[in-house]
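The following paragraphs lead the reader through one structure, part by part. Please keep the sequence and the model in view while reading.

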Amino acid sequence: MAAFERISIKNLTKSFRNADGGKNTIFENVTFELNSGAVLRLSGASGSGKTTFMNVMSGLIKPDSGSVLFGNIDITNLSEGKKDRFRAENIGYIFQTFNLLSPFSVLENVYAPLAFAGKLTKDYKDKALDSLDKVGMKEFSAKMPYHLSVGQKQRVAVARVLFADPPLVFADEPTASLDRNSSELVKNTLLELNKKGTTLVLTSHDSIFDDIRPDVDFNLETGVLS
Amino acid sequence: MKYIFILKAVLHSISHRKFSVFTSIFAISAAFAFLAAIGCVSFGLAATAVNSSLAFPLVVGPAGASDTTLVMSTLFNTDKPAGTLDYEFAGKLASDERVSAVFPVARSDSYMGVPITGVESAYINEISKGFWDIDPMIDAKDIFGGKNSDCAVIGAKAAMRYDMSVWDTFFGSHGSVGDEDAHLHDFKYKVCAILKPLNGPEDFAIFTSLKSVWEIHKHGHHDAEHEEHKHHHEHGEESADGKITAVLVKTKNPVFTAALEREYSENGFTSATDTGRTVRKLMSYMNKAEEAAGFFSYGTLFLVLIMVFVTIMTSINERKREMALMRTLGIGKLPVSLMIFLELFFISVLGIAVGNIGGHALLAFCKPALDFELGINLEPFFFTGIEIRGMLYTIIAGIFLSFAAMIKIYRMNLVEEIAKE
């Protein structure tokens with residue numbers, strides 16, 4: 001499970017150019033460490049840069065400066081191909097919406113990232129069906145994403161994380177569009193994964209996550225780390 | 001597995017943008033169908049011309065007739081003859097030891113726009129591939145022999161178009177095809193035979209005996225019922241009594257053709273032309289027209305491909321989120337951009353395939369109508385150079401544009417673009 005002992009964020013800065021040519025700094029010189037199996041909570045109002053921080057952390061967006069180390073690996077210095085492989089093997093994602101790839105069936109969505117990375121094991125179909133079973137979506141395995149409700153899509157995204165069993169999970173407002181039952185399922189699955197040693201990076205305004213005590217809380221709006 | 005997923009994504013994307021994909025494929029197909037039509041029609045015309053030129057390598061006509069007039073007025077029945085020759089001239093030509101056969105022809109009247117040409121039975125024997133129908137009382141080998149001088153042998157397409165059968169009678173219009181002063185003649189022709197299709201201009205022609213042509217021009221009419229209508233025709237370019245408009249010549253070998261052409265062009269009384277050379281000259285004009293049409297088709301194809309490219313690039317904006325999700329999930333830049341490449345390439349190839357198959361199928365479907373209405377005998381499933389070049393250019397342009405789209409996607413940081421939004 002733990003492919004890396006520690007995640008080190010060092011002097012991370014990211015800004016975007018505005019349409020008027022001005023500079024909009026999202027975060028500046030952020031430094032902290034996260035042990036494997038810890039919970040990082042990103043807080044702040046909408047538009048404060050929580051998703052951007054996640055994207056920089058996962059190597060999807062290049063920071064202006066600074067580094068993100070997973071153990072000894074600095075993801076900001078990896079080639080695009082290596083970053084892709086790293087993400088496919090080490091990071092799971094659950095978003096508020098837009099979780100599934102429309103060309104693929106529910107079952108294919110579960111194993112697509114590892115299929116593209118060429119990391120599928122022989123029994124991948126059984127494992128993918130097991131993951132879907134755990135979130136109550138096995139009977140929908142052959143359906144296409146457009147047949148599913150938002151909550152069902154979210155469950156499939158959770159199944160995808162369960163299938164890949166990555167050491168790090170990014171959950172970006174994972175329950176924002178869900179009913180109470182689905183929200184509970186997502187929360188419990190995330191907690192279960194965390195208990196097994198998965199590092200969790202979470203952004204949520206949902207009070208359902210209030211009882212989770214994060215190891216690090218980073219407020220993007222104020223820039224305060226606690 | 002990875003490539004199956006890529007292919008699946010491409011097919012899914014194509015199937016979910018049915019209208020724009022259909023429009024794109026239709027536009028490419030239409031351009032290709034046009035190319036197929038240009039190729040097949042010009043091939044059909046060329047084949048007809050070559051067949052005709054092979055049958056009679058030399059045409060001799062009156063002095064002053066141009067090469068084109070000689071060929072067009074005799075083999076293609078589309079031009080007015082330039083004057084007349086004495087029938088005896090054909091006999092003199094036949095006695096030349098370099099000549100294997102001569103076929104005197106006399107352009108005469110027309111019927112509903114179909115030219116009527118006076119010939120001898122030997123000409124019918126020469127061109128005929130058998131008869132669809134023939135009067136049982138007539139000797140097929142000497143169709144105009146005996147008292148059959150009012151006999152008319154009808155080309156297959158002319159018979160079909162005007163629903164002519166054996167024993168039918170008709171009156172010709174005096175004057176050549178397209179003459180403004182053409183008027184109904186009182187000479188009654190009787191249909192004796194209908195030729196099987198020859199896939200040439202002969203299919204849209206009527207042949208009668210030389211004797212009947214002379215009779216008309218000698219007496220004004222032939223039919224006793226119209227005795228009172230005597231009308232002497234003074235159309236100098238058409239055959240009068242004992243006159244013919246040209247002689248089709250078969251020579252013993254091509255060297256003799258060239259020598260005879262020279263001799264009969266320089267004697268001051270006649271003009272002669274090597275059919276093969278004149279047809280080649282006509283074909284080169286046709287090829288230029290074909291090339292010009294092809295050039296415009298290629299231009300259209302290129303514009304269509306640009307349109308497809310723009311459509312796909314526009315659709316990328318709509319699919320940015322999905323592609324960003326792919327990147328987020330660890331699906332590499334190359335597979336994601338490869339999907340766009342394949343999408344554009346598939347549309348190009350599908351357009352070519354549908355255009356080719358559809359274009360040729362449409363030509364096959366329209367063949368009878370084109371044949372019947374325009375007299376164009378085309379080969380619907382013949383692939384010409386213009387079409388093969390079109391395919392090649394489209395594939396090259398398709399690859400180039402697909403590659404441009406692929407590079408554009410490859411260089412985009414989709415996640416950052418969405419973050420900026």
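At what angle do helix α5 (residues 150-164) of chain A and α6(A) pack, and how far apart are their axes? The two helices pack at an angle of about 10 degrees, and their axes are 10 Å apart. That makes α5(A) roughly parallel to α6(A). Angles under 35 degrees count as roughly parallel, over 145 as roughly antiparallel, 65 to 115 as roughly perpendicular and the rest as oblique. Axes here are lines fitted to C-alpha atoms, for helices over the stretch in contact, and angles run from 0 to 180 degrees between N-to-C directions. The crossing of α5(A) over α6(A) is left-handed, a term for a near helix turned anticlockwise from the far one by less than a right angle, with right-handed used if the turn is clockwise.

The model is predicted: local features need pLDDT of at least 70, side-chain atom pairs count only at pLDDT 80 or more, and totals for chains, interfaces and linings use all residues. Residues are numbered from 1 along each chain as its sequence is written, while chains are lettered from A and ligands numbered from 1 in the order in which they are written.

On the α5(A) side, the contact between the two helices is made by G151(A), Q154(A), R155(A), V158(A) and L162(A); on the α6(A) side, by S182(A), L185(A), V186(A) and T189(A). Two residues are in contact if their C-beta atoms, placed from the backbone, lie within 7 Å. By class, the residues of this contact are four nonpolar, four polar and one charged. Ala, Val, Leu, Ile, Met, Phe, Trp, Tyr, Cys and Pro count as nonpolar, Asp, Glu, Lys and Arg as charged, and the others, Gly among them, as polar.

Chain A has six helices and 10 strands, where helices (H or I, at least four residues) and strands (E, at least two) are DSSP runs numbered from the N terminus. Six strands form an open, mixed sheet in the order β6-β7-β8-β3-β9-β10 of chain A. Two strands count as paired if DSSP finds at least two bridges between them. L40(A) has V216(A) in β9(A) as its bridge partner.

Helix α6 of chain A also holds N194(A). With 17 C-beta neighbours inside 10 Å, N194(A) counts as partly exposed; a residue is buried if 20 or more other C-beta atoms, placed from the backbone, lie within 10 Å of its own, exposed if 12 or fewer, and partly exposed in between. Leaving aside residues up to four places away in sequence, N194(A) touches G37(A), V39(A) and L200(A). N194(A) and G37(A) are 157 residues apart along the chain, yet their C-alpha atoms are separated by 6.0 Å. Of the 226 residues of chain A, 44% count as buried.

Other strands of chain A pair in the antiparallel sense. Strand β1 (residues 6-17) of chain A is joined by five bridges to strand β4 (residues 65-70) of chain A, and the two run antiparallel. Two bridges pair β4(A) with strand β5 (residues 73-74) of chain A, again antiparallel. F70(A) stands opposite I73(A) there, and in the hairpin, which has two residues between the strands, G71(A) takes a positive phi near 65 degrees.

The contact between the chains takes 25 residues from chain A and 24 residues from chain B. On the side of chain A that touches chain B, α1 (50-57), α2 (80-90) and α3 (106-116) of chain A each supply at least two residues, and α2(A) gives the most, with six. That side divides into 15 nonpolar, six polar and four charged residues.

In chain B, α9(B) and helix α12 (residues 385-411) of chain B pack at about 25 degrees, with their axes 10 Å apart. The two are therefore roughly parallel to each other, and α9(B) passes α12(B) in a right-handed crossing.
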